[in-house]
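These are my notebook entries on one structure, set down in the order in which I looked things up. The coordinates come first, and my notes follow.

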Amino acid sequence: MAERDSRRILHVDMDAFFAAVEQQRRPELRGKPLVIGGSGDPMKRGVVSTASYEARRFGIHSAMPLRVAWKLCPEAVFLPVDYREYARISEVIKSILREVSAVMEDVGIDEAFLDISAIDRPPEQTAREIKERIREASGLTCSIGIAPNKLLAKIASDMEKPDGITIIAEKDVATRIWPLPVRKLRGVGPKTEEQLKGMEVETVGDLAALPLETLTSRFGLSYGNYLFDAARGIDDTPLATQWEPKSMSRETTFQHDVGNRQALFKVLAELAREVAAGLKREGYQGKTITVKVRYSDFETHTHAKTLPSVTWREEEVRRAAFACFSRFELKKKVRLIGVRVSGLVKK
Ligand code: TTP
Ligand code: MG
């Protein structure tokens, strides 16, 4: 039978990225439990950005409050996020990947898709070369997945972390993908997972057993069809090679929750200034300004305002942000506040 999708897509994901960068430049941290997050002080507010594999053995993971991580492993080293350095290393890695194949989708700070269909070598050899070059340039390891599409390649890169190479073909879907929990499929979040659980669907295989009509009536035509295909390892989406940011944002989590409206306006003005500066620096203008507020109990709300035309002017962003902010009731103290500009166009 002919392969449905003859592409060869490679997904690279760095191992414990922020932590690995720190361990690389500070050899004394290698082999030790290391937690990166917030200001690096586990007694202060903030969440874990990532943890070294040594720290993960204690149950520490991304998005966990630093305080909880500290309770799980008080002897771990805690460090602040040095985003500039990670972004610099990220650029080094991306430029290596771009040299291997110009058809690259830059997904995040530590991951990317490459279309290697046109490379006339066994894909595993390409994967080894990429690993070798990344290791030479940065000292870091990554994990690589290779498959006929993005959906499967991303699942594959996660299968043998750290330092793995995993190749999945269409014929492997039943044996290797169906046993996985549905959450492993891109686009299946906690809400869908919960709904599927209610339908006695826990694994991708369970999902693949559902008729298309069941999925479309439950999840709508578009998402229902997506789930039906995804459960079969089918994904035709092309690589988004010219990455353009759809939005730009800045947010702040307070050391202590803030109740004073004037103080919040001041922070908001500062965030608006930073976002506007970011837009100008990257050469974008945007139309919709959104303000996000997270209260002390983690309840989170947003208000948005769309301007008649795009802007990067600080004053306009600030005014719109103030207008949005005025719509919040502020019955509780505020833990986090953020400003986002979306609907971006390149200028
Ligand atoms: P991931 O690739 O999800 O994690 P990782 O590289 O640390 O570990 P793994 O080996 O499992 O891939 O994310 C890449 C970086 O993004 C991570 O090093 C830190 C950052 N990050 C956060 O800041 N917050 C988060 O919640 C997550 C998931 C990642
Ligand atoms: Mg990673």
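**Largest pocket.** I began with the lining of the largest pocket, which in this predicted model is made up of 29 residues, with Val-81, Tyr-83, Glu-251, Thr-252 and Thr-253 lying nearest the centre. The elements that give two or more residues to this lining are strand E9 (247-258), helix H12 (261-282), strand E10 (284-295) and strand E12 (334-342), and the largest share, seven residues, comes from E9. I noted that helices (H or I, at least four residues) and strands (E, at least two) are DSSP runs, numbered from the N terminus. The space in this pocket is about 960 Å³. By class, I found ten nonpolar, eleven polar and eight charged residues in the lining, where Ala, Val, Leu, Ile, Met, Phe, Trp, Tyr, Cys and Pro count as nonpolar, Asp, Glu, Lys and Arg as charged, and the others, Gly among them, as polar.

**Terms for the spaces.** For pockets and cavities I kept to a 1 Å grid over the protein atoms alone: a cavity is a set of points where a 1.4 Å probe fits but cannot get out, a pocket is an open set with protein on both sides within 12 Å along at least five of seven lines, and lining residues have an atom within 4 Å of a point. Grid points are joined across faces, edges and corners, and a volume is the space filled by probe spheres set on the points.

**Conventions.** Residues are numbered from 1 along each chain as its sequence is written, while chains are lettered from A and ligands numbered from 1 in the order in which they are written. As the model is predicted, local features need pLDDT of at least 70 and side-chain atom pairs count only at pLDDT 80 or more, whereas totals for chains, interfaces and linings use all residues, and side-chain values use heavy atoms, with hydrogens and water left out.

**Cavity.** Strand E1 (9-14), helix H4 (83-100) and strand E6 (111-115) each supply at least two lining residues, and H4 gives the largest share, four residues.

**Backbone.** Lys-161 and Pro-162 are joined by a cis peptide bond with omega of about -10 degrees, and Pro-162 is placed in the loop between helix H6 (150-157) and strand E8 (165-167). Asp-163, in the loop between H6 and E8, has a positive phi of about 60 degrees and is partly exposed, at 37% relative accessibility. Ala-16, in the loop between E1 and helix H1 (17-25), has a positive phi of about 40 degrees and is buried, with a relative accessible area of 8%.

**Whole chain.** Last, I recorded 13 helices and 13 strands in the chain. The radius of gyration is 22 Å, close to the 20 Å that the globule rule gives for 347 residues, so the chain is as compact as a globular protein of that length; the radius is taken over C-alpha atoms, and the rule is 2.2 Å times the number of residues to the power 0.38. Of the 347 residues, 45% count as buried.

Key
Buried means under 20% relative accessible area, exposed over 50%, partly exposed in between (1.4 Å probe, protein chains only).
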